[in-house]
Amino acid sequence: MCGIVAYISKKDKNILNKAILSLKKLQHRGQDGWGICYLSENSLKVFKKEGLIEDSSLSDFSDIIIAHTRYSTKGDFNKNNLQPFVFKNVALCHNGTIFDFEEKKEILLKNGFAFESNSDSEVILKWLFYKLNNLEKSSKEDILKILENDFSLNAYNVIILFKDKIQIN
């Protein structure tokens with residue numbers, strides 16, 4: 001039981017405070033810690049903090065944000081397990097539990113992927129890269145198929161932020 005927030009604004013370039021306020025409203029869904037990933041100056045920036053959500057010193061401007069408040073179901077309680085997870089130019093927030101993530105993680109480890117956490121959500125992000133790298137051309141439809149077929153997920157419990165066009169291959 002986590003809370004996920006996403007904002008995209010074409011007019012307002014200062015939505016970090018709105019995202020933090022929204023996370024505060026979802027804080028009852030997870031009090032282990034929280035994190036925000038946003039696009040600023042053409043790069044993904046990540047801020048993570050253990051404990052309750054508080055006003056932060058984030059002063060950047062962004063018009064696209066994903067954020068997460070964590071309630072532990074898989075993985076230890078530590079800062080490394082806080083979301084969003086970022087790999088290359090993609091960030092991911094996930095709400096739910098992946099029951100077969102250990103076997104997928106073993107496959108990824110054998111194929112040279114490293115992990116910073118013991119969270120099942122980080123496995124989702126790296127599994128997407130693993131699967132999409134085997135495609136000649138990838139699209140958002142391919143991502144949805146992988147999420148639905150390999151993890152029994154739907155778009156309502158995963159939010160993915162791309163820095164730019166999908167450049168996974």
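Visitor: Which residues touch the most other members in the largest nonpolar core?

Guide: Leu108, Phe113, Leu125, Leu128 and Phe129 do, out of 19 residues in that core. Bear in mind that this is a predicted model.

Visitor: Which elements give two or more residues to this core?

Guide: They are β5, β6 (90-94), α2, α3 and α4 (140-151). The most comes from α3, with 7 residues.

Visitor: What about a second core?

Guide: There is a separate one of 13 residues. Ile15, Leu16, Ala19 and Ile65 are among its members. As a rule, nonpolar side chains in soluble globular proteins tend to be buried together.

Visitor: Back to Leu128. Where is its place, and is it buried or exposed?

Guide: Leucine 128 sits in helix α3. Its relative accessible area is 4%, so it counts as buried.

Visitor: Now the rings. How many aromatic pairs are there?

Guide: The count comes to 5. One of them joins phenylalanine 87 and phenylalanine 129. Their ring centres are 4.8 Å apart and their planes meet at 85 degrees. Planes over 60 degrees apart count as edge-to-face, so this pair is edge-to-face.

Visitor: What does that pair tie together?

Guide: Phenylalanine 87 lies in strand β5 (residues 85-87), and phenylalanine 129 lies in helix α3 (residues 120-132). The pair therefore ties together parts that are 42 residues apart in sequence.

Visitor: Are those two phenylalanines buried or exposed?

Guide: Phenylalanine 87 and phenylalanine 129 are both buried.

Visitor: And Trp127 with Tyr130, why is that pair tilted?

Guide: The planes of tryptophan 127 and tyrosine 130 are at 45 degrees, so the pair is tilted. The ring centres lie 5.2 Å apart. Both residues belong to helix α3 and are 3 residues apart, about one turn of the helix.

Visitor: How do tryptophan 127 and tyrosine 130 count by relative accessibility?

Guide: Tryptophan 127 is buried, at 7% relative accessibility. Tyrosine 130 is partly exposed, at 22%. The cut-off for buried is under 20%.

Visitor: Which residues form the aromatic cluster?

Guide: Phe87, Phe113, Trp127, Phe129 and Tyr130 form one cluster.

Visitor: Which lysines lie over the face of a ring?

Guide: Lysine 104 lies over the face of tryptophan 127, 5.5 Å from the ring centre.

Visitor: Which residues have a positive phi without being glycine?

Guide: Glutamate 41 is one of them, with phi near 50 degrees. Asparagine 42 is another, at about 60 degrees.

Visitor: Where are they?

Guide: Glutamate 41 is in the loop between β2 (33-40) and β3 (43-50). Asparagine 42 lies in the loop between β2 and β3 as well. Glutamate 41 is exposed, with a relative accessible area of 73%. Asparagine 42 also counts as exposed, at 55%.

Visitor: Zoom out. How many helices and strands are there?

Guide: The protein chain has 4 helices and 7 strands. Along the sequence, the pattern reads β-α-β-β-β-β-β-α-α-α-β.

Visitor: How many of the residues count as buried?

Guide: Of 169 residues, 46% count as buried. The chain exposes about 9,100 Å², and carbon and sulfur atoms supply 48% of that.

Visitor: What about contacts across the sequence?

Guide: Take contacts between residues at least 6 apart in sequence: 64% of them join residues at least 24 apart.

Visitor: Where is confidence lowest, and where is it highest?

Guide: Strand β7 (residues 158-162) is lowest, at a mean of 61. Helix α2 (residues 101-110) is highest, at 92. Over residues 164-169 the pLDDT is below 50. That stretch still has 18 contacts in the model beyond near neighbours in sequence. Where pLDDT is low, predicted coordinates should not be read in detail.

Visitor: And what does the protein chain average?

Guide: Its average pLDDT is 78, and 79% of the residues score at least 70.

Note on methods:
Residues are numbered from 1 along each chain as its sequence is written. This is a predicted model: local features need pLDDT of at least 70, side-chain atom pairs count only at pLDDT 80 or more; totals for chains, interfaces and linings use all residues. Side-chain values use heavy atoms; hydrogens and water are left out. Rings of Phe, Tyr and Trp (its six-membered ring) pair if their centres lie within 6.5 Å; planes under 30 degrees apart count as stacked, over 60 as edge-to-face and the rest as tilted. Buried means under 20% relative accessible area, exposed over 50%, partly exposed in between (1.4 Å probe, protein chains only). A charge sits over a ring if NZ of Lys or CZ of Arg is within 6 Å of the ring centre and within 35 degrees of the ring normal. pLDDT is the predictor's confidence in each residue, from 0 to 100. Contact means heavy atoms within 4.5 Å. A nonpolar core is a set of buried Ala, Val, Leu, Ile, Met, Phe, Trp, Tyr and Cys residues joined through side-chain atoms within 4.5 Å. Accessible areas come from the Shrake-Rupley method with a 1.4 Å probe; for residues, only the protein chains shown count as cover.
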